Amino acid sequence: MRRKIVAGNWKMNLNADEARDLFAQFVTIAPAPKVEMYVFAPSLYLDRLITGYPSVVKVGAQNAWYEDRGAMTGEISMWQLSELGVKAVLIGHSERRMYFNEDNALLRKKVDAALLNGLEPFFCCGETREIRESGNYLDFIRTQLEESVFHLDRNAFCKIVIAYEPVWAIGTGLTATSGQAEEVHAAIRSWIEQQYDAETATNTVILYGGSCNPGNAQSLFACENIDGGLIGGASLKLDDFSKLVSEEVWTI
Ligand code: PGA
């Protein structure tokens, strides 16, 4: 069976005490069988979360630069993260694409650097509202994957997690219906099969993200091609995150 993952993306929220307290509670959660928990925390707190707590919740960074070291004031490298014991990194979140002009070519370099440094890349893709309304959203998402991850050979590709996050659903309270999300997830899986093979497509974890919460997660996670969620707002609340990983939601 494919891995199931619920990953919190805390974004630029929480002070140090709040982050420590929330993480200390997350590590006590007993998730549904086979559901893995990740938290993508602000980089400032990664060290204390990795060293201070049991590793039942994997700790990831929300962004990193692709070169190992050099004159890149203010950046943190994949290499530095991996030295610290960080397990995973978000690449291509729509907020990075939108506010920091990260394009597919740059994200390809970041994917390569993450894999070289032994980090698990969670590669985010997804369309804006305009693109959805134009009807060309599948072509748009396919291009994101073609230009940033489909250059990988099969072995490397098997190490990445894909997160489909429609930009119009992020932080807006508008969730894709399970039908809308499943359509894209199934399409992504079919492109992976065309690019690699059926086994790779079957094994790739594809998460949904965008206003996912305990009220809508069950119908999303029940879809054949949706293997869990990348959770923003609801990952800042212990109750919501606990429910999102619980047997209540995961009727596997
Ligand atoms: P949201 O964010 O759950 O608050 O919509 C999801 C994300 O940005 O990963």
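Q: In this predicted model, which residues are linked with R2, K4 and R189 in a network of salt bridges?
A: Let's start with the network itself. Salt bridges link R2, K4 and R189 with one further residue.

Q: Which residues does T202 contact, leaving aside its neighbours within four places in sequence?
A: T202 sits in helix 10, and at 43% relative accessibility it counts as partly exposed. Once the neighbours within four places in sequence are set aside, the contacts of T202 are R2 and R189.

Q: Which parts of the chain does the salt bridge between R3 and E36 tie together?
A: The side chains of R3 and E36 meet at 2.7 Å, N to O. The two are 33 residues apart in sequence, so their pairing ties together the segment before strand 1 (4-9) and strand 2 (residues 35-41).

Q: Is R3 buried, partly exposed or exposed?
A: Buried would need under 20% relative accessible area and exposed over 50%. The value for R3 is 31%, so R3 is partly exposed.

Q: Where does K58 lie, given that K58 forms a salt bridge with E36?
A: In this pair the closest N and O atoms are 3.2 Å apart. E36 is in strand 2, and the partners are 22 residues apart in sequence, so the bridge ties together separate parts of the chain; K58 itself lies in strand 3 (residues 57-61).

Q: How many salt bridges does the structure hold?
A: The pairs R3 with E36 and K58 with E36 are among them. For the whole structure, the total is 16.

Q: Why do Y137, I141, Q144, L145 and S148, the buried residues of helix 7, lie on the same side of that helix?
A: Helix 7 (residues 137-148) has 12 residues and reaches 17 Å from its first C-alpha to its last, close to the 16 Å expected. Its buried residues are Y137, I141, Q144, L145 and S148. They are on the same side of helix 7 because the arc they cover around the axis is only 90°.

Q: Which elements do the buried residues of helix 7 pack against?
A: The partners include both helices and strands. They are helix 4, helix 5 (104-116), strand 5 (120-125), helix 6 (129-134), strand 6 (161-164) and helix 9 (178-195).

Q: How far apart are the end C-alpha atoms of helix 5?
A: Helix 5 has 13 residues, which at 1.5 Å a residue should span 18 Å. The distance in the model agrees, at 18 Å.

Q: Which helices and strands pack against the buried residues of helix 5?
A: Those buried residues are N104, L106, L107, K110, V111, A113, A114 and L115. They pack against helix 3 (78-84), strand 4 (88-91), helix 4, strand 5, helix 7 and helix 8 (154-157).

Q: Which residue follows helix 5 with a positive phi?
A: The phi in question is near 75°. The residue is G118.

Q: Which residues make the nonpolar surface patch of about 370 Å²?
A: One of them, M98, lies in helix 4 (residues 94-99). At 45% relative accessibility, M98 counts as partly exposed. The patch is made by M98, Y99 and F100.

Terms used:
Residues numbered from 1 in each chain as written. Predicted model: local features only at pLDDT ≥ 70, side-chain atom pairs only at ≥ 80, totals over all residues. Heavy atoms only, no water. Patch = residues over 30% accessible without salt bridge, like charges linked within 9 Å, V, L, I, M, F, W, Y side chains within 5 Å. Areas by Shrake-Rupley, 256 points an atom, 1.4 Å probe, with all protein chains shown as cover. Salt bridge = Lys/Arg side-chain N within 4 Å of Asp/Glu carboxyl O. Helix = DSSP H or I, 4+ residues; strand = E, 2+ residues; numbered from the N terminus. Buried < 20%, exposed > 50% of the residue type's maximum accessible area, 1.4 Å probe, protein only. Expected span 1.5 Å × (residues − 1). Arc of directions from axis to C-beta. Contact = heavy atoms within 4.5 Å.
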